[in-house]
Amino acid sequence: DVYKRQYLPWSGNLYTHFLQNIEDVKKAVAGNILRDSRLVVFLQTSTTKGSLRELYYDNGECRETELRTYENLDVTQAETITGIFDYIKQTAPAERYGITIGSHGMAWIPASGSGRSAADAKAGTEPTATTVPEKWHWEYVSPDGQFTRWFGDGGSRCTNTTTFAEAITAAGIRFEYILFDDCFMSSIEVAYDLRKITRHLIASPCEVMAYGYPYDLVMPYLFTDGGTGYDLDGVCRSFYEFYEQYEAPNYNCGAIAVTVCDQVEQMAEVMRLINNASPAYIPDPEKPLQQYEYLYAPTRFYDLADYVYQLCDDTALLKEFDEQLARTVPERYRLHTEYFYSGGKRPITTYSGISTSAPSTSGIVVNNIRDTGWYKATH
């Protein structure tokens, strides 16, 4: 029963952090965690170039061999991504697959509507994808200069979650897990898009510090039982414990959760009942929703459970929601530090481990959310 892992970081201003991530992965491999598994790394060195290499254990050390180099890459296209995975399946065939993706993230927001292009921002022109002129991440400067994972390439170099799902489906793969080392990817809209290509979604509903996951600590939990299993509790716990102490007390911010994707369609059914039984959502200024970012105005991502409890007053439906949420995002995997980071430390008062954009009045959200699979399934 062989697993094969992939670590798939895209390029951008996080490139030096990706290199550190790979060094941490190598430390774990040197501990002989792979056994019968194989680990392949895809790394983009520019927006159009990349390489595929295999890491392997050899007498107390991690060694690597280059499998392939790529020119003229366009990872925004499904056929490009499918081609990469088709080659991996041929070169390193396995019974089951898992993947970690290190890059930037904006949940389900489509690439065409993520924000202004660099050219538009420089020229001061309005975006075409939304009626609200909202800034890109790089137009904000955190007071303390801290980076998070949503920093780097964007605009035309974003890959839509729907495109990724299409590409992986065409490659004939369903992952055991997708671990997103990116901001905002623990989103119910994202989980619905990816529900058929992975069993588990490991991600954060808010921003992730630029350092990313501590792979020297996390990777052994992705290769348990002689390399044939994985331990989700261990993955979440090692991430949480690392960020509890990360450059404490200034930037010790981290949140993680696991979504069981086989339960997402049932969650959509419950949410459809709640939407049908509830009046239009009206924000309560006395009870502000738990939001998961503070850089974009209006806010794009809110805690799913907090939103549902303000939207619905039907006790029976709320009980059904709680029970389904417990199956979809199991409580034992919902771990977080006291604060998360978004231009500074922000408090976490409510935490279901997964976000929704449903209550957002952001032009980018309003103009695009009705096209999402989640919205169509719940309305």
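1. Buried here means under 20% relative accessible area, exposed over 50%, and partly exposed in between, with a 1.4 Å probe and protein chains only. Helices (H or I, at least four residues) and strands (E, at least two) are DSSP runs, numbered from the N terminus. By these terms, both faces of strand β8 are covered. Ala255, Ala257 and Thr259 are buried on one side, and Ile256, Val258 and Val260 on the other. In a regular strand the side chains alternate between the two faces of the sheet. Six of the six residues of β8 (residues 255-260) are buried, so the strand is largely enclosed by the rest of the structure.

2. A word on the source. This is a predicted model, in which local features need pLDDT of at least 70, side-chain atom pairs count only at pLDDT 80 or more, and totals for chains, interfaces and linings use all residues. Residues are numbered from 1 along each chain as its sequence is written, and side-chain values use heavy atoms, with hydrogens and water left out.

3. Overall content. The chain has 12 helices and 13 strands. Of its 379 residues, 58% are buried. A contact means heavy atoms within 4.5 Å. Among contacts with a separation of 6 or more, 72% come from residues 24 or more positions apart.

4. Partners of β8. Two strands pair if DSSP finds at least two bridges between them. Strand β7 (residues 198-203) is joined to β8 by four bridges, and the two run antiparallel. Leu201 stands opposite Thr259 there. Strand β10 (residues 335-336) is also antiparallel to β8, with two bridges. Leu335 in β10 is the bridge partner of Ile256.

5. Strand β2 (residues 38-44) pairs with strand β3 (residues 50-58) in the antiparallel sense, over six bridges. The two form a hairpin with five residues between them. Gln44 has Gly50 in β3 as its bridge partner. Nine bridges then join β3 to strand β4 (residues 61-70), again antiparallel. Asp58 stands opposite Glu61 in β4. The hairpin of β3 and β4 has two residues between the strands, and Asn59 takes a positive phi near 55 degrees.

6. Helix α4. This helix covers residues 161-171, and its buried residues are Thr161, Thr163, Phe164, Ala165, Ala167, Ile168 and Ala171. They pack against α2 (78-91), β5 (96-102), β6 (175-181) and α5 (188-194). An α-helix has 3.6 residues a turn, so residues three or four places apart point the same way. Gly172 follows α4, with a positive phi near 75 degrees.

7. Ala165 in detail. This residue is found in α4. Ala165 counts as buried because its relative accessibility is 10%. Leaving out residues up to four places away in sequence, Ala165 touches Asp193, Leu194 and Ile197. The C-alpha atoms of Ala165 and Leu194 are separated by 5.8 Å, although the two residues are 29 apart along the chain.

8. Helices α6 and α7. Axes are lines fitted to C-alpha atoms, for helices over the stretch in contact, and angles run from 0 to 180 degrees between N-to-C directions. The axes of α6 (residues 215-222) and α7 (residues 232-245) come within 8 Å and cross at roughly 170 degrees. That makes α6 roughly antiparallel to α7. Angles under 35 degrees count as roughly parallel, over 145 as roughly antiparallel, 65 to 115 as roughly perpendicular, and the rest as oblique. Leu217, Val218, Tyr221 and Leu222 in α6 meet Gly234, Val235, Ser238 and Phe242 in α7. The residues of this contact divide into six nonpolar, two polar and no charged. Here Ala, Val, Leu, Ile, Met, Phe, Trp, Tyr, Cys and Pro count as nonpolar, Asp, Glu, Lys and Arg as charged, and the others, Gly among them, as polar.

9. Helices α9 and α10. The axes of α9 (residues 304-311) and α10 (residues 315-328) come within 11 Å, crossing at roughly 170 degrees. That makes α9 roughly antiparallel to α10. Leu304, Ala305, Val308 and Tyr309 in α9 meet Leu318, Phe321, Asp322 and Leu325 in α10. The residues of the contact are seven nonpolar, no polar and one charged.

10. Cysteines. A disulfide is a pair of cysteine sulfur atoms within 2.5 Å. The search of the whole structure finds zero disulfides. Cys206 is buried, with a relative accessible area of 1%.
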